[in-house]
Amino acid sequence: MLLVDDQELVRYGFRLVLEAQDDMAVVGEAADGEEAIRAAVRLKPEVVLMDVRMPAKDGIAATREIVRRLPDTRVLVLTTYDLDESAFGALQAGAAGFLLKNTRPEEMVSAIRTVATGDAVVSPRITSRLIEMAVPHLVEGKPDQAGLAELSAREREVFVLVGRGLTNTEIADTMYLSESTVKAHFGRIMTKLGLPNRVQVVIKAYELGLVG
């Protein structure tokens, strides 16, 4: 785990919480985006807990660079407000999700475990609000449907349900599938469409007019 925040006291608090977990270890800290990139490249952490607003290089730019250089590293961004447009920018940059800074410790720990397994931590409620923010930025005209024809019928069904904000568990219940099967379908959807995370899959579903 790499902790990135310009406030030392915040990093200290996060470290105390995370190092109390048997399955977590903090391998480094950074106080700004530039330092975060250097530390991530050097340490190759499984998860980066990234503040959005920092001096020098902000968390969005740092997230974009870390995801580009280290595609296996998952970035979980921190923001003060769930409607902060910077959170949407970080998700566009490839973050696996975001948390509010006032999130309870047990929720933060759970979220980190979730992104470490390859899933995202953006609830359907927040996904809907992010989509509202994304709509003005969606490209007008005929959307690029490259890759869509490669999806199987079952993958397309899963794609639509993800676009509606359902979790993997909810999709499994709806389609009478195992959760592991849903995860496998979702992984192939991301690969075929060239999308890095769940939120961008949702946005793509909106762009293609599959959900609205």
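At 37% relative accessibility, R188 counts as partly exposed. Here buried means under 20% relative accessible area, exposed over 50%, and partly exposed in between, with a 1.4 Å probe and protein chains only. E155 counts as buried, at 3% relative accessibility. The side chains of these two residues, E155 and R188, meet in a salt bridge at 2.9 Å, N to O. The pair links distant parts of the chain: E155 lies in helix 7 and R188 in helix 9, 33 residues apart. A salt bridge is a side-chain nitrogen of Lys or Arg within 4 Å of a carboxyl oxygen of Asp or Glu.

The model is predicted; local features need pLDDT of at least 70, side-chain atom pairs count only at pLDDT 80 or more, and totals for chains, interfaces and linings use all residues. Residues are numbered from 1 along each chain as its sequence is written, and side-chain values use heavy atoms, with hydrogens and water left out.

The chain comprises ten helices and five strands. These are DSSP runs numbered from the N terminus, helices being H or I with at least four residues and strands E with at least two. Of the 212 residues, 50% count as buried. Contacts (heavy atoms within 4.5 Å) were counted at a separation of 6 or more; residues 24 or more positions apart account for 65% of them. The chain exposes about 10600 Å², and carbon and sulfur atoms supply 50% of that area. Accessible areas come from the Shrake-Rupley method with a 1.4 Å probe; for residues, only the protein chains shown count as cover.

Helix 7 spans residues 153-163. Its buried residues are E155, V158, F159, V160, L161, V162 and G163. They pack against helix 8 (168-175), helix 9 (179-193) and helix 10 (198-207). Just after helix 7, G165 takes a positive phi of about 95°.

The structure holds 14 salt bridges. In one of them, the side chains of R15 and E19 meet at 2.8 Å, N to O. R15 and E19 are four residues apart in helix 1, and are therefore separated by about one helical turn. R15 is partly exposed at 23% relative accessibility. E19 is also partly exposed, with a relative accessible area of 41%. Salt bridges that share partners join R11, R15, E19 and E29 into one network. E65 forms a salt bridge with R68, the closest N and O atoms being 2.6 Å apart. Both residues lie in helix 3 (residues 59-69), three residues apart, about one turn of the helix. R68 is exposed, with a relative accessible area of 58%. An α-helix has 3.6 residues a turn, so residues three or four places apart point the same way.

Helix 1 (residues 8-19) also holds Y12. Y12 is partly exposed, with a relative accessible area of 47%. L9, Y12 and L16 form a nonpolar patch on the surface, with about 360 Å² of accessible area together. Patches are made of residues with over 30% relative accessible area and no salt bridge; like charges are joined within 9 Å, and nonpolar side chains (Val, Leu, Ile, Met, Phe, Trp, Tyr) within 5 Å.

D32 lies in the loop between strand 2 (28-30) and helix 2 (33-43). D32 is buried yet has no salt bridge. The nearest side chain of opposite charge, R38, is 5.2 Å away. Lys and Arg count as positive and Asp and Glu as negative; His and the chain ends are not counted. The side chain of D32 reaches the backbone nitrogen of E34 at 3.1 Å and that of E35 at 2.8 Å. Leaving aside neighbours within four places in sequence, D32 is in contact with V4, M54, P55, A56 and K57.

How values were computed
A polar contact is a pair of N or O atoms within 3.5 Å; within protein, one must be able to donate a hydrogen and the other to accept it, and residues adjacent in sequence count only if both atoms are side-chain atoms.
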